[in-house]
Amino acid sequence: MALIDKIFGRKKTLSELNRQELRREEILLEKNRDRLFRKIEQISVDKQKIFQQGASQKSPELRKALALQFEMKSQEQLMASRELNLRSKELMTVSRLRMIKENSEKGKVLGRLNLTDKDVAKISQWIEDDAVSQEMYAQRLDSILDLGEQADRDALAGTQLKEAGTEIMNIWNEMDRGAIRQDEGFAEADKAVRRRSGAAEKDM
């Protein structure tokens with residue numbers, strides 16, 4: 001279950017959580033964000049290894065398999081990046097609300113602004129209204145999961161490389177002829193996968 005689901009799943013709404021509860025959610029979101037950072041970094045390392053393996057192979061069959069693996073890793077990286085973006089927004093929302101409540105409890109005047117209880121109530125309502133509702137949030141998560149499942153089914157069912165995979169094969173062939181250096185080849189391969197993925201998303 002997503003961390004922010006725990007907020008929506010309680011009897012309390014997001015704006016009703018006290019600052020201690022908000023801080024706990026903030027810590028959990030920070031840990032989840034850091035985990036995604038590490039995951040994306042590891043995928044990048046894995047892609048480098050896969051590309052180097054493909055560059056050293058001469059067998060078209062092995063290169064085809066590695067090109068498909070490179071493409072799937074890139075899709076995994078894009079999905080993790082989307083999740084990281086979502087977690088970052090959740091963290092910003094929780095952190096902002098926690099700071100507002102802390103300042104309200106302390107009764108501090110920040111700068112030239114006189115922050116009253118009435119102001120905090122209004123600002124909290126604005127944040128709550130701007131936040132994703134439980135139903136919309138669940139629908140978006142379901143959409144992402146459905147897309148992931150469909151992508152997995154397509155990858156397992158498909159026996160031919162996609163356009164991005166074909167481009168990776170062509171880049172390796174160019175490297176064999178010495179037309180492209182290895183560092184340039186990886187950059188071109190990664191760019192090709194991202195370009196094809198972006199075009200596919202626009203067609204959806």
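Me: Leu22, buried or exposed?
Reply: Buried, at a relative accessible area of 0%. Buried means under 20% relative accessible area, exposed over 50%, and partly exposed in between, with a 1.4 Å probe and protein chains only. This is a predicted model, where local features need pLDDT of at least 70, side-chain atom pairs count only at pLDDT 80 or more, and totals for chains, interfaces and linings use all residues. Residues are numbered from 1 along each chain as its sequence is written, and side-chain values use heavy atoms, with hydrogens and water left out.

Me: Which helix does Leu22 lie in?
Reply: Helix α2, residues 19-56. Helices (H or I, at least four residues) and strands (E, at least two) are DSSP runs, numbered from the N terminus.

Me: And what does Leu22 touch?
Reply: Leu14, Leu17, Val94, Leu97, Arg98 and Lys101, not counting residues up to four places away in sequence. Contact means heavy atoms within 4.5 Å.

Me: How far apart are Leu22 and Met99?
Reply: In sequence, 77 residues; in space, 9.4 Å from C-alpha to C-alpha.

Me: Zooming out. How many helices and strands in the chain?
Reply: 7 helices and 0 strands. Buried residues account for 32% of the chain's 204 residues.

Me: What share of the contacts join residues at least 24 apart?
Reply: 76%, counting contacts in the chain between residues at least 6 apart in sequence.

Me: Back to α2. How do the axes of α2 and α6 cross?
Reply: At roughly 55 degrees, coming within 9 Å; α6 covers residues 163-176. Axes are lines fitted to C-alpha atoms, for helices over the stretch in contact, and angles run from 0 to 180 degrees between N-to-C directions. The two helices are therefore oblique to each other. Angles under 35 degrees count as roughly parallel, over 145 as roughly antiparallel, 65 to 115 as roughly perpendicular, and the rest as oblique.

Me: Which residues make the contact?
Reply: From α2, Ile50, Phe51, Gly54 and Ala55; from α6, Ile171, Trp172, Met175 and Asp176. By class, that is 6 nonpolar, 1 polar and 1 charged. Ala, Val, Leu, Ile, Met, Phe, Trp, Tyr, Cys and Pro count as nonpolar, Asp, Glu, Lys and Arg as charged, and the others, Gly among them, as polar.

Me: Now the largest nonpolar core. Which residues touch the most other members?
Reply: Phe51, Phe70, Ile168, Trp172, Met175 and Ala189, out of 15 residues. A nonpolar core is a set of buried Ala, Val, Leu, Ile, Met, Phe, Trp, Tyr and Cys residues joined through side-chain atoms within 4.5 Å.

Me: Which helices supply at least two residues of this core?
Reply: α2, α3 (60-106), α6 and α7 (182-203). The largest share, 6 residues, comes from α6. Apart from this core lies another, of 7 residues, including Leu14, Leu17, Leu22 and Leu97.

Me: Gln77 next. Where does Gln77 lie?
Reply: In helix α3. Gln77 counts as buried because its relative accessibility is 7%.

Me: What is Gln77 in contact with?
Reply: Ile40, Ile43, Ser44, Lys47, Asp190 and Arg194, leaving aside neighbours within four places in sequence.

Me: Last one. Where is Gln57 found?
Reply: In the loop between α2 and α3. Gln57 is partly exposed, with 29% relative accessibility. The C-alpha atoms of Gln57 and Trp172 are separated by 9.0 Å, though these residues are 115 apart along the chain.
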